[in-house]
Amino acid sequence: MAIFSVYVVNKAGGLIYQLDSYAPRAEAEKTFSYPLDLLLKLHDERVLVAFGQRDGIRVGHAVLAINGMDVNGKYTADGKEVLEYLANPANYPVSIRFGRPRLTSNEKLMLASMFHSDQVRGTGRS
C-alpha cells in the first residue's frame, strides 16, 4: 500500500498541513500535424483532452508543455493562449506533452474539507 498524500485538518475543518509524495507522473509526448486529432477543452483554467485517446494520451490529461515550453493553466510560458496557438496551422508540426494535472491549492483545500465531519463533538465541559 502506498501513501500519496497526507492532510492534517483542525476541528474547525481548516487545512493545517498537506504533503504530496507523488510518484513520477505518467506523461506522453507526441508530435502532431494540422489538424489536431484530439479535442481539447478549457476546464478549470486548464487545457484538457475532452475526446480522443491514443499513444498514452487519455481523456482528462492536461497539456503540460508545447514544443518544450511549459504550460501554466491556459497560457504558455511566453504568454500565448494554448487553444489559440493550436488553432493556427502555421504553428504545426507541434510537439505536445500531456499528463495528469496537479491539484491546485484550492482543490487541496476542498479535498481536505471532505474528510472533516460536520458534527464536531465538544469536550463535555460546561
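Trainee: What makes the largest nonpolar core a nonpolar core, and which residues have the most contacts inside it?

Mentor: In this predicted model, the largest nonpolar core has 18 residues, with F32, V63, L86 and F98 having the most contacts inside it. It is called a nonpolar core because such a set holds buried Ala, Val, Leu, Ile, Met, Phe, Trp, Tyr and Cys residues joined through side-chain atoms within 4.5 Å; buried means under 20% relative accessible area with a 1.4 Å probe, protein chains only. Strand 3 (27-32), strand 5 (46-51), strand 6 (62-66), helix 1 (82-87) and strand 9 (94-99) each give two or more residues to this core.

Trainee: With which residues is V63 in contact, beyond its neighbours within four places in sequence?

Mentor: V63 is in contact (heavy atoms within 4.5 Å) with L40, V47, V71, V82, I96, R97 and F98.

Trainee: How do you know how confident the prediction is in the protein chain?

Mentor: The pLDDT, the predictor's confidence in each residue from 0 to 100, averages 80, and 86% of the residues score at least 70. Confidence is lowest in helix 2 (residues 105-114), at a mean of 74, and highest in strand 9, at 90. Local features need pLDDT of at least 70, side-chain atom pairs count only at pLDDT 80 or more, and totals for chains, interfaces and linings use all residues. Residues are numbered from 1 along each chain as its sequence is written, and side-chain values use heavy atoms, with hydrogens and water left out.

How values were computed
Buried < 20%, exposed > 50% of the residue type's maximum accessible area, 1.4 Å probe, protein only. Helix = DSSP H or I, 4+ residues; strand = E, 2+ residues; numbered from the N terminus.
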